[in-house]
Amino acid sequence: MRNYANLVISFVKKQYYPHLLLVLLVALLSGGFVSLKGLDSVQAAKVMEMYVAFIGLILFTPLFMPEQDRAIWNLERSKKTSMWKVYLFRMLPAVLVCFFVILLFLYWMKRGGGTFDVGILFRGSCCEIFFLGSIGFFVSAVTNQVIIGYMIAVIYYVVNIGGNNYLGKFALFRMMKGDYGTWMYWLLGAVLLFASGIVVREKIAYHNG
């Protein structure tokens with residue numbers, strides 16, 4: 001357990017902290033881009049889906065970044081640690097920060113006089129943000145290129161702006177249209193993509209070992 005904790009701490013200090021700072025910056029600058037006062041359920045959902053959703057890309061896409069350096073990858077494997085456990089431990093701070101930012105925005109909007117169901121919006125926002133982040137996570141796992149993971153996730157986001165009717169239950173931006181029932185599909189998609197990404201990286205590590 002200590003080895004995994006040390007690896008995660010090293011990851012955060014050396015590679016991940018700029019992404020955490022970017023998430024903090026996105027939150028702090030939100031007042032300049034979106035209104036957080038007097039929002040009804042549709043308006044609050046729009047803030048979460050169109051703005052806060054980007055934290056999923058920022059937090060989950062770069063989790064395989066150390067393995068882009070072959071020397072770091074070999075060093076991690078030499079410590080006799082299971083790589084899939086390393087990836088799961090890396091996800092923990094991303095998930096916690098994601099929860100924190102979502103709750104922070106919900107608090108700000110509620111404090112600003114918002115009239116919406118906090119529990120329903122929290123559930124939907126978490127699942128949708130996890131799903132969007134899992135796309136970048138999976139693509140990054142397959143390609144071993146974080147930048148490609150970002151690109152595909154952003155493309156999926158953009159496609160949803162004008163063509164989400166073609167994406168069925170996995171389309172984004174459903175809550176601001178009054179549809180709060182797609183959270184199960186987002187959660188299912190996120191779990192499958194996260195798990196598949198970890199399996200792919202584990203197989204690559206085994207094959208190259």
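In this predicted model, the buried residues of helix H7 pack against H2, against helix H3 (54-60) and against helix H6 (118-143). Helix H7 itself comprises residues 146-163, and at 1.5 Å a residue its 18 residues should span 26 Å, which agrees with the 25 Å that separates its end C-alpha atoms. The residues of H7 that are buried are Val146, Gly149, Ala153, Tyr156, Tyr157, Asn160 and Gly163.

Along the chain, Gly162 and Lys37 are 125 residues apart, and their C-alpha atoms are separated by 27 Å.

Helix H2 (residues 41-52), one of the elements against which the buried residues of H7 pack, also packs with helix H5 (residues 83-111), at an angle of about 145° and with the two axes 11 Å apart. The crossing of H2 and H5 is right-handed. On the side of H2, the contact is made by Ala44, Val47, Met48, Tyr51 and Val52, while H5 contributes Val101, Ile102, Phe105, Leu106 and Met109. The residues of this contact comprise 10 that are nonpolar, with no polar and no charged residue among them.

Helix H5 has 29 residues, and the distance from its first C-alpha to its last is 43 Å, close to the 42 Å expected at 1.5 Å a residue. The buried residues of H5 include Val101, Ile102, Phe105, Leu106 and Met109, and these residues also form the H5 side of the contact with H2. Just after the end of H5, Gly113 adopts a positive phi of about 90°.

Turning to helix H1, which spans residues 2-28, Pro18 is found within this element. The relative accessible area of Pro18 is 39%, so this residue is classed as partly exposed, a term that applies between the limits of 20% and 50%. Although Pro18 and Ile58 are 40 residues apart in sequence, the distance between them in space is 9.8 Å from C-alpha to C-alpha.

Note on methods:
Residues numbered from 1 in each chain as written. Predicted model: local features only at pLDDT ≥ 70, side-chain atom pairs only at ≥ 80, totals over all residues. Heavy atoms only, no water. Helix = DSSP H or I, 4+ residues; strand = E, 2+ residues; numbered from the N terminus. Buried < 20%, exposed > 50% of the residue type's maximum accessible area, 1.4 Å probe, protein only. Axes fitted to C-alpha atoms, helices over the stretch in contact; angles between N-to-C directions. Left-handed = near helix turned anticlockwise from the far one by under 90°. Contact = heavy atoms within 4.5 Å. Nonpolar A, V, L, I, M, F, W, Y, C, P; charged D, E, K, R; others polar. Expected span 1.5 Å × (residues − 1).
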